[in-house]
Amino acid sequence: MLHAEVVVDLPSAEARRSMGPIEWVRSLFGAEFDLRSGKEELTIGALSLVEGILKACQKSGITNAISFLVDKRVVYLDPHDVDDDVRLILEACERTGILERKFKEMHLVLSHRQAGVHVLIDIQIANQVMLGNAEMRAALSGRIEGLRVRPGETARQYADRIRALAKSEEEMEGARHAFEAVADGFADALRTSIVGTKVSVGRADIRLIQPEAPQVARFRKLGFGEHVEEPTYRGLPTYQRAGAYADPFYYHYYDPYYDFTNWILIDAMLHSPYGYAHHVHVVDPRGTELYTADAAPIGAGWGSNAVSFDDSGNVVVDPSIADAHSGGGLFDAFDVGGSSASSSDSDWGSSSDYGDSDAGSSSSCSSGSSCGSSCSSGSSCGSSCGGGSN
């Protein structure tokens, strides 16, 4: 829902390419060649870089880690949201020696909560990029905690509560400013923690996905009342999402209700635009922007008959909207699934899906053992996943 990006140009220098066989032979006879590669490579060591990033996290109050991968090797994994575990990443790196050798890419995912906003920070670092490109990008995605379905709520009660929240400019704008403060604070901390960096921060805005027929059809499967599902962390996504669903939350935090939440918010704003609506960008599942909420075209949205509620407060989807098929069509890649999805969905896998994993081959962990995709106890999942049994 809330989106921002921090772009970091790390210390680097242009890399030289290797000579080809013919060039090498000709060089023996005095020929000279331009060996500039058109690419730049990091000049900061991997360990120093990770130390700088983790120092920036602690400076900005971001202390919860979800996962850390180096060249698709799982160094650390915490799918159970154990608090204050960022420091364990460096311990795992030092124990495994993963940062003593040259890397191609790193991937660090962090979680943070501030002022009622849950933020996921997805950091990707490349050792080598084309000249002029940044080596590090942090995608920040936030969701307002009050938008989660509460246990015992009917669909109608939830929709009424979310419509009331949407009317509160103080609450919605307050959440956006809190999210923006996280992005700015993290960027500032990076500037002071890693010498020689250039850091820029994109504007924080609100992005809502306008569901299409396959997503709306899945509203029929959502459980409410006594059947409300809690969101679930996913440490290791196994396939690439497309369009608007290529987002840290859809990768790492499964919430079966979020398409329904998007539908309620968009419907509320279309019927009564609010003062902050110019910050709200409505996109389709492919990620194409359709309109801002304060300038919606006539006929935008689904209309009042597509989704309604019966006397018991249950969701009723217009019968003309056919159930979504599961045949691998276009929208299956976009859809986050209905209430039938679980932690064992094929979207997500164990560390073994990542090849030679430093997390070992186990798909579960107990106290003192290596960590895979799921753990038998919350506390043991906060341990590092780098070196097998201690």
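User: In this predicted model, which residues of α4 meet which residues of α8?

Analyst: The model is predicted, and contact here means heavy atoms within 4.5 Å. On the α8 side the residues are Phe260, Thr261, Trp263, Ile264, Leu265, Asp267 and Ala268. The residues of α4 that meet them are Ala155, Tyr158, Ala159, Ile162, Arg163 and Ala166.

User: How many residues of the contact of α4 with α8 are nonpolar?

Analyst: The contact of α4 with α8 includes 1 polar residue, and a further 2 are charged. The nonpolar residues of this contact number 10.

User: What is the relation of α2 to α5, given their packing angle?

Analyst: Helix α2 (residues 46-59) packs against helix α5 (residues 169-193) with the axes 8 Å apart and an angle of about 135° between them. Because only angles over 145 degrees count as roughly antiparallel, α2 is described relative to α5 as oblique.

User: Which residues make that contact between α2 and α5, and what is the handedness of the crossing?

Analyst: From α2 the contact draws on Gly52, Ile53, Lys55, Ala56, Cys57 and Lys59, while α5 supplies Phe186, Ala189, Leu190, Thr192 and Ser193. By class, these residues of the contact of α2 with α5 divide into 6 nonpolar, 3 polar and 2 charged. The crossing of α2 and α5 is right-handed.

User: Is α2 roughly parallel or roughly antiparallel to α3?

Analyst: For α2 and helix α3 (residues 87-96), the axes lie 10 Å apart at an angle of about 165°. Since an angle over 145 degrees meets the cut-off, α2 is, relative to α3, roughly antiparallel.

User: Which residues of α3 take part in the contact with α2?

Analyst: α2 passes α3 in a left-handed crossing, and by class their contact has 5 nonpolar, 1 polar and 2 charged residues. From α2 come Leu47, Val50, Glu51, Leu54 and Gln58. The residues contributed by α3 are Arg87, Ile89 and Leu90.

User: What is the volume of the largest cavity?

Analyst: The count comes to 7 cavities of 30 Å³ or more. For the largest cavity, the volume is about 70 Å³.

User: Which elements give two or more residues to the lining of the largest cavity?

Analyst: The lining consists of Met1, His3, Ser141, Arg143, Arg207, Ile209, Ala244, Asp247, Phe249, Tyr250, Tyr258 and Asn262. By class, this lining has 6 nonpolar, 3 polar and 3 charged residues. The elements that give two or more residues are β9 (136-144), β11 (205-209), α7 (248-252) and α8 (258-271).

Conventions
Residues are numbered from 1 along each chain as its sequence is written. This is a predicted model: local features need pLDDT of at least 70, side-chain atom pairs count only at pLDDT 80 or more; totals for chains, interfaces and linings use all residues. Side-chain values use heavy atoms; hydrogens and water are left out. On a 1 Å grid over the protein atoms alone, a cavity is a set of points where a 1.4 Å probe fits but cannot get out, and a pocket is an open set with protein on both sides within 12 Å along at least five of seven lines; lining residues have an atom within 4 Å of a point. Grid points are joined across faces, edges and corners, and a volume is the space filled by probe spheres set on the points. Helices (H or I, at least four residues) and strands (E, at least two) are DSSP runs, numbered from the N terminus. Ala, Val, Leu, Ile, Met, Phe, Trp, Tyr, Cys and Pro count as nonpolar, Asp, Glu, Lys and Arg as charged, and the others, Gly among them, as polar. Axes are lines fitted to C-alpha atoms, for helices over the stretch in contact, and angles run from 0 to 180 degrees between N-to-C directions. Angles under 35 degrees count as roughly parallel, over 145 as roughly antiparallel, 65 to 115 as roughly perpendicular and the rest as oblique. A crossing is left-handed if the near helix is turned anticlockwise from the far one by less than a right angle, and right-handed if clockwise.
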